[in-house]
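Me: Hi! I've got a model open and would like to talk through a few spots in it. Could you start with whatever term we'll need?

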Amino acid sequence: MTDTLDERLLRAALELLREQPAERLSLRRVAQQLDVSHQAPYVHFGNKRRFLAAVAGTGLQGAAAEAAAAVEAAGSDPRCRLHALTDAYLRFVRERPHVHDLAYGPTVDKADHPRLQQAAADYWRLLRGTVAACQPEGVEEAEVLRRCAATWGTVYGIARLTTLHQIPASVPVDRDGLLHEAVDVLHRGWQAGDSAGIPGQDPSSPSPPGRR
């Protein structure tokens with residue numbers, strides 16, 4: 001694959017985002033990292049917002065690929081794969097917080113660059129497939145999608161609240177433990193069929209053991 005200036009600019013920006021948030025990212029500094037004209041990001045991407053969206057898309061592509069690999073490595077058990085996806089997301093938040101916040105925050109929109117749009121779609125498909133595999137028979141696609149949104153909201157919300165130190169210190173669990181407990185609560189609800197009203201499901205049936 002040709003190492004174009006476009007790709008080098010994106011990689012340089014991702015490296016700078018290791019240490020600083022997107023709102024402090026200088027396109028002039030990005031260009032200086034590569035010893036090219038300070039106009040290069042604008043020439044190749046049009047404006048700063050579009051450039052940042054491409055940066056976010058590149059970072060999210062990498063995170064989605066790592067998450068997919070983690071899910072596959074977890075084996076065939078759907079619940080284990082769901083927890084592996086949760087762990088992969090936590091690593092993304094922990095190791096690349098500024099890229100995560102750029103990809104999922106208000107600075108850019110998915111429509112600003114096709115790379116971000118594609119990366120977000122890839123991650124969503126991974127989530128959808130992982131959650132769908134955890135469902136009992138008879139759950140309709142619309143309900144699967146609602147459960148995907150609920151899972152995403154739960155994981156994102158807890159991760160975000162803990163990052164901002166908004167969960168009281170009196171809560172006797174760390175972020176990772178809290179997230180995995182929440183995912184197990186969702187999983188038990190799916191198996192019971194309570195929220196979907198699935199006929200033939202017995203709410204009193206044994207639920208899977210909690211993650212340890």
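Reply: Happy to! Buried means under 20% relative accessible area. One thing to keep in mind is that this is a predicted model.

Me: Thanks. Is Val144 buried or exposed?
Reply: Val144 has a relative accessible area of 4%, so with the limit at under 20% it counts as buried.

Me: Which helix is Val144 in?
Reply: Val144 belongs to helix 8, which covers residues 141-163.

Me: And what is Val144 in contact with, leaving aside neighbours within four places in sequence?
Reply: With those neighbours left aside, the contacts of Val144 are Arg128, Val131, Ala132, Gln135 and Val139.

Me: How far apart are the C-alpha atoms of Val144 and Cys80?
Reply: They are separated by 18 Å, and the two residues are 64 apart along the chain.

Me: Let's switch to helix 5. How far does helix 5 reach from its first C-alpha to its last?
Reply: Helix 5 (residues 78-95) reaches 26 Å with its 18 residues, close to the 26 Å expected at 1.5 Å a residue.

Me: What caps the N-terminal end of helix 5?
Reply: That's Asp77, with a side-chain oxygen 3.2 Å from the backbone nitrogen of Arg79.

Me: Which helices do the buried residues of helix 5 pack against?
Reply: They pack against helix 4 (48-73), helix 6 (97-104), helix 7 (114-132), helix 8 and helix 9 (175-192). The buried residues of helix 5 include Leu82, Tyr89, Phe92 and Val93.

Me: How do the axes of helix 5 and helix 8 cross?
Reply: Their axes come within 11 Å and cross at roughly 35°, and the crossing of helix 5 and helix 8 is right-handed.

Me: New topic: how many residues does the largest nonpolar core have?
Reply: The largest nonpolar core has 54 residues, and Leu60 and Tyr123 are among those with the most contacts inside it. Helix 4 gives the largest share of this core, twelve residues.

Me: What does Leu60 contact, again leaving aside neighbours within four places in sequence?
Reply: Its contacts include Phe92, Leu116 and Tyr123.

Me: Last one, Thr58 in helix 4. Buried or exposed?
Reply: Thr58 has a relative accessible area of 16%, and because the limit is under 20%, Thr58 is buried too. The side chains of Thr58 and Arg115 are joined by a polar contact of 3.0 Å. Not counting residues up to four places away in sequence, Thr58 touches Leu10, Leu14 and Arg115.

Methods:
Residues are numbered from 1 along each chain as its sequence is written. This is a predicted model: local features need pLDDT of at least 70, side-chain atom pairs count only at pLDDT 80 or more; totals for chains, interfaces and linings use all residues. Side-chain values use heavy atoms; hydrogens and water are left out. Helices (H or I, at least four residues) and strands (E, at least two) are DSSP runs, numbered from the N terminus. Buried means under 20% relative accessible area, exposed over 50%, partly exposed in between (1.4 Å probe, protein chains only). Contact means heavy atoms within 4.5 Å. The expected span of a helix is 1.5 Å times one less than its number of residues. A polar contact is a pair of N or O atoms within 3.5 Å; within protein, one must be able to donate a hydrogen and the other to accept it, and residues adjacent in sequence count only if both atoms are side-chain atoms. A nonpolar core is a set of buried Ala, Val, Leu, Ile, Met, Phe, Trp, Tyr and Cys residues joined through side-chain atoms within 4.5 Å. Axes are lines fitted to C-alpha atoms, for helices over the stretch in contact, and angles run from 0 to 180 degrees between N-to-C directions. A crossing is left-handed if the near helix is turned anticlockwise from the far one by less than a right angle, and right-handed if clockwise.
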